[in-house]
Amino acid sequence: MALASATWIMAAVTSGCHSPKIKKQGIENGKEMAEQYCGNCHQFVPPTVLDSATWKLHVLPNMAGRLGIRVWGESEYYPPSEGDHPTIDFSDWLDLVAYYTHTAPKQMDTAKLPQPFVKDWAVFKLTIPAVADTNMDATTCMVAWDTASSHLYTGTEETKLLNVYEPGGKLLHFFRMHSPVVHYSQYRNPATDTVERMFTTIGQIIATDQSRGEEILFNPEKEADPDYDIVAAFQPRPVQALPGDFNKDGLTDYIVCGFGHEQGALLRMQQKTGHKFDVDTIKSIPGAEQAQAGDFNNDGWPDVMVLFAHAQEGISLFLNNQHGGFTEKRLLDFMPVWGSTSFQYVDVNHDGQPDIVYTCGDNADYSTVLKPFHGVYVFLNKGNFKFEKAYFFPIHGCYKAMVADFDGDGDMDIATIAFFSDYINRPEEGMVYFEQDKPMHFIPHAIPVANMGRWICMDVADYDHDGDLDIFLGNFSKGLLAEGVKVPWNTRQPYIILENKIK
């Protein structure tokens with residue numbers, strides 16, 4: 001027993017040591033072990049993408065548990081005991097730790113701007129709706145414009161309400177849901193020529209493996225009798241339900257991004273008669289975050305493009321096999337520390353081939369330091385489902401991008417929001433409008449709304465029916481903040497509107 005204790009203490013001291021006497025061959029072996037063991041689950045992550053303290057105190061202890069290595073305290077490891085079944089030899093694990101902690105930079109460089117922000121309103125003017133209930137902190141987790149009714153739907157995390165607003169901000173009515181509403185989709189059923197409205201509730205905003213999410217089909221415009229119909233329940237933290245007739249039987253089906261946490265899945269809800277749905281799994285991994293439908297291979301059948309976050313980050317195309325299933329084709333891969341947050345498949349450079357606009361900036365897991373690779377990317381379509389990075393602009397904590405011709409000049413612009421901005425040095429990056437003034441050249445306008453909210457959700461629509469596109473921003477005023485950051489924004493205003501003034 002004494003010998004075992006002595007061995008444990010030695011292992012703990014060794015793993016926590018930062019002595020320069022670590023042997024070179026140990027570092028080299030650690031690199032081989034990292035490529036072998038980490039690369040089995042996700043894309044290999046080199047030490048240079050995070051600072052050494054983040055590796056030591058946060059990422060590596062989490063990785064240890066997944067490999068069956070016991071952790072003591074913040075970053076001390078001890079050899080396996082009887083009954084343990086680690087998937088890596090303990091000495092190899094210590095070499096792996098040494099590789100990351102001794103070759104990573106001591107601190108990350110702040111992302112350098114390729115060009116300075118233009119701090120103005122660009123083509124927008126601010127509209128602050130006179131929302132009646134501002135007695136509690138805003139936890140808006142969805143803003144969605146309903147084109148059929150010209151009403152704005154919002155979801156709240158704290159009160160679990162679905163709110164229905166008139167354009168001026170008057171609250172028409174609200175519905176208390178079982179959990180926060182995070183997504184809304186509408187679909188005109190060609191068979192009945194009626195609008196179907198599907199609302200997705202997540203279960204819990206915080207990361208958990210409790211499957212409490214729901215898909216709810218109902219019309220909130222009917223205040224007295226909304227026909228509240230839960231068509232699917234116990235889903236793994238779903239964040240989107242994408243409508244489409246994927247089997248071409250005349251009924252609306254849904255692809256559900258069940259983000260989950262450690263467990264999740266990309267699901268298909270196939271509609272039967274009487275608004276009943278059969279639910280099956282397309283891909284059983286966590287992290288499905290956003291989906292977009294389209295006939296991507298031009299065979300007459302709807303396919304699905306999906307962004308995955310979590311460990312196996314990347315964008316996959318699921319081609320419809322015309323027999324009730326899909327075949328996956330991987331398009332882009334990202335490292336598991338990237339924090340993927342959104343994408344759009346849209347023709348940015350007007351060459352007739354849709355491109356991928358992608359954002360990364362989720363910063364709430366094991367590596368919460370500011371990351372220079374967070375921001376908005378454009379991957380140009382080179383044909384045959386090959387994409388090449390053509391543009392990157394660093395935005396700390398970038399959370400979403402929406403692409404449209406906002407200024408009416410015929411080319412595509414980009415609007416971005418950031419939830420984990422550098423609130424101390426660059427708070428203005430919370431909302432940036434990228435004006436494309438010439439092919440693949442963008443002017444970054446930092447819209448001055450940093451003191452008005454902390455933006456976690458966004459929608460784009462012609463709010464005032466004048467023929468141009470406006471922007472809705474949802475304020476989630478709480479959440480993780482870096483040390484030393486004081487809340488400088490309005491915590492009560494649930495949403496604002498950037499009204500386009502070109503027309």
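What is the volume of the second largest pocket? In this predicted model, the second largest pocket has a volume of about 540 Å³. Its lining is made up of 26 residues. Among them, N363, T368, V369, L370 and A482 lie nearest the centre of the pocket. By class, the lining of the second largest pocket comprises 12 nonpolar, seven polar and seven charged residues.

One cavity of 30 Å³ or more was counted. The largest cavity holds about 40 Å³ of space, and its lining consists of F246, N247, D253, R268, N320, G324, G325 and F326. Two of these lining residues are nonpolar, four are polar and two are charged.

The packing of two helices was also described. Two packed helices are characterised by the angle between their axes and by the distance between those axes. For helix α3 (residues 52-66) and helix α4 (residues 90-103), the axes come within 9 Å and cross at roughly 150 degrees. Angles over 145 degrees count as roughly antiparallel, and α3 and α4 are therefore roughly antiparallel to each other. The crossing in which α3 passes α4 is right-handed.

The contact between these helices involves residues from both partners. From α3, the residues S52, W55, K56, L60, M63 and A64 take part, and they meet W93, L96, V97, Y100 and T101 of α4. Sorted by class, the contact of α3 with α4 contains eight nonpolar, two polar and one charged residues.

Notes:
Residues are numbered from 1 along each chain as its sequence is written. This is a predicted model: local features need pLDDT of at least 70, side-chain atom pairs count only at pLDDT 80 or more; totals for chains, interfaces and linings use all residues. Side-chain values use heavy atoms; hydrogens and water are left out. Axes are lines fitted to C-alpha atoms, for helices over the stretch in contact, and angles run from 0 to 180 degrees between N-to-C directions. Helices (H or I, at least four residues) and strands (E, at least two) are DSSP runs, numbered from the N terminus. Angles under 35 degrees count as roughly parallel, over 145 as roughly antiparallel, 65 to 115 as roughly perpendicular and the rest as oblique. A crossing is left-handed if the near helix is turned anticlockwise from the far one by less than a right angle, and right-handed if clockwise. Contact means heavy atoms within 4.5 Å. Ala, Val, Leu, Ile, Met, Phe, Trp, Tyr, Cys and Pro count as nonpolar, Asp, Glu, Lys and Arg as charged, and the others, Gly among them, as polar. On a 1 Å grid over the protein atoms alone, a cavity is a set of points where a 1.4 Å probe fits but cannot get out, and a pocket is an open set with protein on both sides within 12 Å along at least five of seven lines; lining residues have an atom within 4 Å of a point. Grid points are joined across faces, edges and corners, and a volume is the space filled by probe spheres set on the points.
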